[in-house]
Amino acid sequence: MTAAKARKYGAILGVSLRSGLMYRGNVLGGLLFYALFIFVFFSLWGTIYRAGGVPGYSLPQMIWYVCVTELIVFGCRSGVFGQISESIKSGAVAYELNRPYHYVFYRFFSALGGIVFSFLFYAASALALGHLFVGPLPNFRLWMLPFVLVSIGLGAVIQFFSYLCLGLSAFFIEENRAFMFIYSKLVLMLGTFIPVEFFPGWLQTVVRYLPFSYITWAPARMAVDFSWGHVASALPLQLAWAAVMIALSLLLYRKGVRRVNVQGG
Amino acid sequence: MFREVSRCLRLIGRYFLLNLSSAIEYRASFLLQTFGMAINNATFIFFWWIAFDKVGGPIGGYGFADIMFIWALASSSFGLAMVVFGNAPALARIIYSGELDTYLLQPRPVLVSVIAARTSVSAWGDFAYGIVLLALTQPQSWSLWLLFALCVITGALLTTAIQITAGALTFFMGNASMLQQMALEFTINFSIYPESIFHGAVRLIIHTLLPAAFIVHVPLTLVRSFEPRMLLILLVVTTLYCAFSFWFFGRGLRRYESGNLIQTRI
C-alpha cells in the first residue's frame, strides 16, 4: 500500500473512531445485553458443574470461555451487513462507486473505528464480569496475552469479512437476510456457546474444516487453556480463513458491481 | 363491560386480518422470514443436544423433553403475542416520539389500537416452530395440546403485558425504549432455560415483575402433573398482571403531552 493510500484509509479510520466515540450510547446499551448473556450462562454452567461438571473445562474456564467468545460476537457488531445490503437494494451504492477509494476497504476502515471502540468496552466488561462471577482465569500469564489478542483480531477479521460477503450477496439475491440469520447461528452454535471439544468426534472433524469455529472458539480456547500446540495449529488456519474471506469479498464485489445498472436522476 | 370487551376483541380481529393480508401480499418475503425464524430457533436444539449429551443427565431438574416443551411454549407464546400485538415492543418509542397522537383521535381504546396496529412477520415462524416442536418432542395426548393452547394464550398475554408495563414507563421517566427492550430480552432468556438455574433476586423477579415463570415453567408443571389449583393460580396471575398493565398505561396516559408531530397512517 502506498503512503497516499495509507493516509487515505487512515483518515477514514480516524473519522470512524471519532464516530464510535460520539455514538457510545449504542455500546453502553449493548453492554447490558452482554452482561445478561454472561449471567445466564454463568447460571446454567454453574448448575451443571454443581451437579458433576463436564470433563475438559473447569467452571472458571467455561465462564471465561463464554466471556471471550461473546466479546468477539458483540465487539464485531458493526452493522456492515445491513448497511451494504440496504445501499445495494436502494441503489445508493451507485454514489459510492465513483469515489476515490476501494468500496470493500472503505467499508472495512469505516467500521474499524467502531469495532475497536466496542472491543475496548466489551473487553473491560468481560474482565469485570469474569472476575465477578468466577475470579481470575486459572493459569493465565500476561505473556500469553499477545497471542490471544492476535487470535481475537484474526477472529474479528474473519467475522467482519464474512458479514461483508453476506451483505454483498444482495448484488445477486435481494432478499439475503436468511443467509445472515443462518450464518450468525452457525457462529453461535459452532464455538460461541459451547467449545468444539464438547462435540461428538465426527462433528469436531467437520467443524475444523469450516471457518465458523475460528472466529470464537480458537481465540477463547487459547485464552482459557493456552498451549503452543493450539497456537501453532489455530493461528495459521485463522490467517488462512481471514485471507479467504477478504479474497471472497473482493471477488463478490468485482462480480456484483458489474450487475449494477445506474440510471440518471 | 362485556360489550366493551367484545368491541375490543372485534377490533383486534380486524387489525389481525388487515395485518395478515398486508403481510402475505409479499409472499416470498413472508415465507422466507417465517422459515428463517423457525430455523433460527431450531439451532438451539443443537445446543441442548450437546449439553445433555455432555452432562449425561438432567440439567437443573429438567430433561431434554422438558427443555423442548418450554422452548415450544416460549416460542409460540412470543410468536402469538408479536403476530397479534406486533406494535407492543415499540410502545416506548411511540409514546416518546409523539406518535401516540394519531391513536388518541380514534374512537377506540387507545392501548388496543396502538399495540394491535402492526404485526411481526417473522413471529409467524416463532408461532409455527413451537407447534412443530411440541408435535415432534412430546408424548402426544389431547390434554397436552389443550393445555398447550391455553398456555400459549396466557403466555402471549403476559408477554404483551410485560411490554406494555415497561413501555408505559416512558410516561413517567422519559424514553424507556432501552428498558422495554431489556424487559423483552430478560423475559425471553428467563423463559428458555430451566427455572432452577436462577436463584435469589432473579427467582423473585421471574415470579413477579417479569413473570417468565408463569409463561413457561408453571405450564410445564401443569403438563407433567395437572393440578386444578395451579391452573387457577396461572389464570389469576395472568388476569391480574394484564389488568395492572392496562391500568398502568391508563395512569401514564393522563400525563401524556402531545409532541405536535405531524404524521399520517396509511
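This report walks through the A–B interface and the aromatic rings around it.

The model is predicted, so local features need pLDDT of at least 70 and side-chain atom pairs pLDDT 80 or more, while totals for chains, interfaces and linings use all residues. Residues are numbered from 1 along each chain as its sequence is written, chains are lettered from A in the order in which they are written, and side-chain values use heavy atoms, leaving out hydrogens and water.

Let's start with the interface. Chain B brings 31 residues to the contact and chain A brings 31 residues (heavy atoms within 4.5 Å). Together they bury about 2,800 Å², with 83% of it on carbon and sulfur atoms; that is accessible area (1.4 Å probe) lost on being put together, summed over both. Phe46(B), Phe47(B) and Lys54(B) supply 21% of what chain B buries against chain A, more than any other three residues.

Now the rings. Pairs need centres within 6.5 Å; planes under 30 degrees apart are stacked, over 60 edge-to-face, the rest tilted. Over all chains the count is 51 aromatic pairs, two of them being:

| Pair | Centres | Planes | Type |
|---|---|---|---|
| Phe47(B) and Trp48(B) | 5.2 Å | 80° | edge-to-face |
| Trp48(B) and Phe52(B) | 6.0 Å | 40° | tilted |

Phe47(B) is buried at 1% relative accessibility, and Trp48(B) is buried with a relative accessible area of 1% (buried is under 20%, exposed over 50%, partly exposed in between; 1.4 Å probe, protein chains only). One aromatic cluster includes Phe41(A), Phe193(A), Phe47(B) and Trp48(B).

Methods. Buried area = accessible area lost by both parts, 1.4 Å probe.
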